[in-house]
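Reader: Before I use this structure, I would like to go through its fold, its contacts and its backbone with you, one question at a time.

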Amino acid sequence: MSKETRQQVALAVGAVENKKGEELAILEMDIASGAFTDYFIVCTGTNPRQIQAISDEVQERLTEAGVRPTSVEGYSQAEWVLLDYVDFVVHVFSERARKFYDLERLWKSAARLTPAELAKKRAAKKPVKKSVPARPLKARGTTMRKKSTVKKRK
């Protein structure tokens with residue numbers, strides 16, 4: 001999961017928080033689960049207008065960052081809006097729809113992240129690869145034996 005994807009997810013999470021999305025969940029999908037994306041962002045809106053406002057804010061922030069969703073579904077009904085960004089999917093639910101579909105239970109193998117944990121992952125750098133020390137060169141004219149070095153006679 002790329003640094004760029006995590007940054008985009010963080011932008012989407014910020015948009016949800018800005019529009020007061022409730023019960024925010026960030027699911028980092030397990031590769032072995034067969035998930036078609038890396039992250040799910042799931043939240044609840046209290047009414048259709050708020051659900052649309054959250055969706056609009058997510059799209060606006062990501063469009064400013066140069067990213068557009070490949071698909072938007074459910075916007076006009078505002079019961080469950082799905083914004084598909086390929087590497088992550090934003091789900092904005094009504095309370096009733098969220099309980100009915102229960103994505104967190106369905107994808108229970110996914111790691112649940114808080115916004116703070118996502119920020120830590122984003123800030124974490126790749127571990128520095130430790131170089132393996134080169135094997136010491138044998139000194140010219142010496143032979144290695146168990147615990148002692150004996151010089152060859154010339």
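The questions and answers below go from the whole chain to single residues.

Reader: What kind of model is this, and which pattern does the protein chain follow along the sequence?

Author: The model is predicted. Its secondary structure comes to five helices and eight strands.

Reader: Among contacts between residues at least 6 apart in sequence, what percentage join residues at least 24 apart?

Author: The protein chain has 154 residues, of which 34% are buried. Among the contacts that join residues at least 6 apart in sequence, the share that links residues at least 24 apart is 59%.

Reader: Is tyrosine 85 buried or exposed, and which residues is it in contact with beyond its neighbours within four places in sequence?

Author: Tyrosine 85 is found in the loop between E4 and strand E5 (88–94), and because its relative accessibility is 5%, under the 20% limit, tyrosine 85 counts as buried. With neighbours within four places left aside, the residues in contact with tyrosine 85 are Val58, Gln59, Leu62, Val67, Arg68 and Pro69.

Reader: How many aromatic pairs does the structure hold, and how many residues apart in sequence are the parts tied together by the pair of tryptophan 80 and tyrosine 101?

Author: The structure holds eight aromatic pairs. Tryptophan 80 and tyrosine 101 form one that is tilted, at 4.5 Å centre to centre with 45° between the planes. Since tryptophan 80 lies in strand E4 and tyrosine 101 in helix H3, the pair ties together parts whose separation in sequence is 21 residues.

Reader: Which residues do ring pairs link into a cluster with Trp80?

Author: Tryptophan 80 is partly exposed at 25% relative accessibility, and tyrosine 101 is partly exposed as well, at 38%. Ring pairs link Trp80 into a cluster with Phe93, Phe100 and Tyr101.

Reader: With which side chain does the side chain of glutamate 28 make a polar contact?

Author: Glutamate 28 is found in strand E1, residues 22–28, and is buried, with a relative accessible area of 13%. At 3.3 Å, its side chain makes a polar contact with the side chain of tyrosine 39.

Reader: Why is the phi of alanine 78 worth a remark, and what is the phi of aspartate 102?

Author: Most residues other than glycine have a negative phi. Alanine 78, which lies in the loop between strand E3 and strand E4 and is buried with a relative accessible area of 1%, has a positive phi near 55°. Aspartate 102 lies in the loop between helix H3 and helix H4 and is partly exposed, with a relative accessible area of 26%. Although aspartate 102 is not a glycine, its phi is positive, at about 45°.

Notes:
Residues numbered from 1 in each chain as written. Predicted model: local features only at pLDDT ≥ 70, side-chain atom pairs only at ≥ 80, totals over all residues. Heavy atoms only, no water. Helix = DSSP H or I, 4+ residues; strand = E, 2+ residues; numbered from the N terminus. Buried < 20%, exposed > 50% of the residue type's maximum accessible area, 1.4 Å probe, protein only. Phe/Tyr/Trp six-rings, centres within 6.5 Å; stacked < 30°, edge-to-face > 60°. Polar contact = N/O pair within 3.5 Å; in protein donor to acceptor, adjacent residues only side chain to side chain. Contact = heavy atoms within 4.5 Å.
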